[in-house]
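Here are my notes for you to read with the viewer open. Take the points one at a time and find each residue on screen before moving on.

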Amino acid sequence: MSKIAPKYIATTNACKLCKPLGAALAFRGIEGAVPFLHGSQGCATYMRRYIISHFNEPIDIASSALGEKNAIYGGGANLKQGLNNVIAKYNPALVGIATTCLTETIGDDVGMILHEYHREQENNTKSPLMVQVSTPSYSGTHMEGFHAAVQSVVQQLARGGPTDQRINLLPGFVSPADLRYLKQLLVDFGISATVLPDLSETLDGPALRDYPLIPRGGTPIEDIRKMGRGQATIEFGHTLPEKTAAAFLDKTFQISCKRLGLPIGIRETDVFLNTLTEISGRPIPSEHDAARGRLVDAMVDGHKYVFGKRAVVYGEEDLVVGLTSFLAEIGVVPVLCASGGKSGRLRRAVEKVLAKMNVPLPEIHEDLDFFEIEEQARELAPDLLLGHSKGYGLAKRLEIPLIRVGFPIHDRVGGQRILHLGYQGAQNLFDRIANTMIQVKQDSSSVGYSYM
């Protein structure tokens with residue numbers, strides 16, 4: 001089967017989000033930072049809406065609020081005034097400035113504008129750090145914007161020096177629950193690390209009596225400065241480009257880079273924990289070894305409910321790769337791996353994680369929208385979908401269940417608390433899939449529970 005030649009030229013319900021949205025999320029994971037969009041107010045409003053409905057947390061995203069005349073005369077004046085307003089209101093330690101389609105199209109030279117701004121503010125001791133990143137949506141996805149922002153932060157802030165014992169962990173865009181798991185795992189191995197970015201508190205914090213303009217948490221800026229002195233860097237992502245924050249640290253400061261897949265499922269988690277053992281010199285902590293054993297036991301107990309089921313997986317490329325590996329481990333046949341991204345590396349990554357498993361290679365397609373995913377899904381007759389909430393309509397029309405993972409999850413609470421990573425994350429996903437298949441069988445049986 002090949003990708004169907006379209007009878008139209010428009011995208012129908014894209015399987016991706018916009019590039020500066022990813023950058024705003026990355027900036028949100030830095031202590032004392034305020035995300036700032038150089039573009040129209042509508043862009044910032046759209047992103048706030050998306051992020052709030054998933055995390056159920058407030059998020060302020062500042063904007064230079066460009067109008068029609070700025071499309072002709074440029075947005076430099078608005079950017080400077082917007083920065084003045086943000087500094088006066090928030091007193092941030094860092095402002096993360098991402099461009100949008102509009103400012104990229106009209107050709108605003110943000111670097112030059114910021115140079116002018118700094119020169120004009122040279123006597124202002126309250127001026128925060130400023131990190132800029134180019135993120136036109138028409139050239140990529142929110143994941144590309146996320147990784148580009150992390151790379152810009154590291155490039156503009158990290159400094160070298162004597163090597164210390166810390167490592168750098170670049171987890172990519174994972175849930176706050178995933179980040180809390182990763183940080184605890186590092187503690188269990190006795191490893192000091194800088195996790196960049198860290199959304200575990202800034203987008204999943206406790207209820208407070210007063211609204212903080214800048215939430216507590218995030219990666220400390222001083223720790224980011226020390227990233228050029230780490231003993232190693234681990235970054236997650238089989239589909240990442242060559243130029244990443246880890247690659248920069250390797251090239252500039254000779255910090256070895258270990259690129260791993262997202263630790264979803266047993267095999268990818270094994271690789272990650274073995275890497276931590278190699279770095280720390282410690283064996284896998286007993287509690288994590290026990291969690292692995294419980295997961296294997298659960299797979300044995302529940303395989304009869306999931307074995308041979310057919311699944312469509314869609315979403316961010318590296319999440320799709322990790323979930324595909326996990327599904328193959330538990331006996332579910334992934335029949336379609338789809339993403340709105342177009343890195344050119346999705347097929348190779350899926351082939352890599354399935355190489356040692358006796359499963360047929362699924363259909364693998366980049367740059368798909370939900371119209372195209374639905375066309376293929378109808379031919380492939382899956383039993384379930386795995387992906388974010390934007391696949392709800394597809395699941396409803398196909399009359400099959402949707403296992404919600406990743407981002408965005410608008411139609412359920414707790415999207416920020418979904419644990420995808422590690423043995424416990426795999427355990428949670430397995431239980432959800434097995435119970436969903438049991439539910440489907442019960443609902444389709446005339447005798448209900450006793451049928452089981």
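1. Let's begin with a charge and a ring. A charge sits over a ring if NZ of Lys or CZ of Arg is within 6 Å of the ring centre and within 35 degrees of the ring normal. Look for Arg-49: its charged end sits over the ring of Tyr-50, 4.9 Å from the ring centre.

2. A word on what you're looking at: this is a predicted model, where local features need pLDDT of at least 70 and side-chain atom pairs count only at pLDDT 80 or more, while totals for chains, interfaces and linings use all residues. Residues are numbered from 1 along each chain as its sequence is written, and side-chain values use heavy atoms, with hydrogens and water left out.

3. Next, the rings. How many aromatic pairs does the structure hold? There are 7, counting rings of Phe, Tyr and Trp (its six-membered ring) whose centres lie within 6.5 Å; planes under 30 degrees apart count as stacked, over 60 as edge-to-face and the rest as tilted. Take Phe-55 and Phe-407: their planes are at 35° and their centres 6.0 Å apart, so this pair is tilted. The two come from distant parts of the chain, 352 residues apart, with Phe-55 in helix α2 (residues 41-55) and Phe-407 in the loop between β13 (402-404) and α17 (422-444). Helices (H or I, at least four residues) and strands (E, at least two) are DSSP runs, numbered from the N terminus.

4. Stay with Phe-407, which also pairs with Phe-173. Is that pair stacked or edge-to-face? It is edge-to-face, at 5.2 Å centre to centre with 65° between the planes. This pair links distant parts of the chain too: Phe-173 lies in the loop between β5 (167-170) and α8 (176-188), 234 residues from Phe-407. Both Phe-173 and Phe-407 are buried, and Phe-55 is buried as well. (Buried means under 20% relative accessible area, exposed over 50%, partly exposed in between, with a 1.4 Å probe and protein chains only.) Ring pairs join Phe-55, Phe-146, Phe-173 and Phe-407 into a cluster.

5. Now find the open sheet. Its 5 strands run in the order β11-β10-β9-β12-β13, with parallel pairing; two strands pair if DSSP finds at least two bridges between them. At the edges are β11 (363-365) and β13, each of which pairs on one side only. From one strand to the next, the twist averages 20°; axes are lines fitted to C-alpha atoms, for helices over the stretch in contact, and angles run from 0 to 180 degrees between N-to-C directions.

6. Zoom in on β12 (residues 384-387). On one side, β9 (residues 310-314) and β12 pair in the parallel sense over 3 bridges, and Val-312 has Leu-385 as its bridge partner. With β13, β12 also makes a parallel pairing over 3 bridges; here Leu-386 is partnered by Ile-403 and Gly-387 by Arg-404. In a regular strand the side chains alternate between the two faces of the sheet. In β12, Leu-384 and Leu-386 point one way and Leu-385 and Gly-387 the other, and all are buried.

7. Which helices lie across these strands? Helix α14 (residues 346-354) lies across β10 (333-338) and β11, at about 145° to β11, and α17 lies across β12 and β13, at about 155° to β13. Contact here means heavy atoms within 4.5 Å.

8. Last, the charges. The structure holds 15 salt bridges, each a side-chain nitrogen of Lys or Arg within 4 Å of a carboxyl oxygen of Asp or Glu. Asp-411 is partly exposed, at 29% relative accessible area, whereas Arg-404 is buried, at 9%. Elsewhere, salt bridges that share partners join Lys-80, Glu-116 and Glu-120 into one network.

9. Two more bridges to find. In helix α14, Arg-347 and Glu-351 meet at 3.8 Å, N to O; being 4 residues apart, they are separated by about one helical turn. Arg-216 and Glu-201 meet at 3.6 Å, N to O. Arg-216 is exposed, at 61%, and Glu-201 partly exposed, at 35% relative accessible area.
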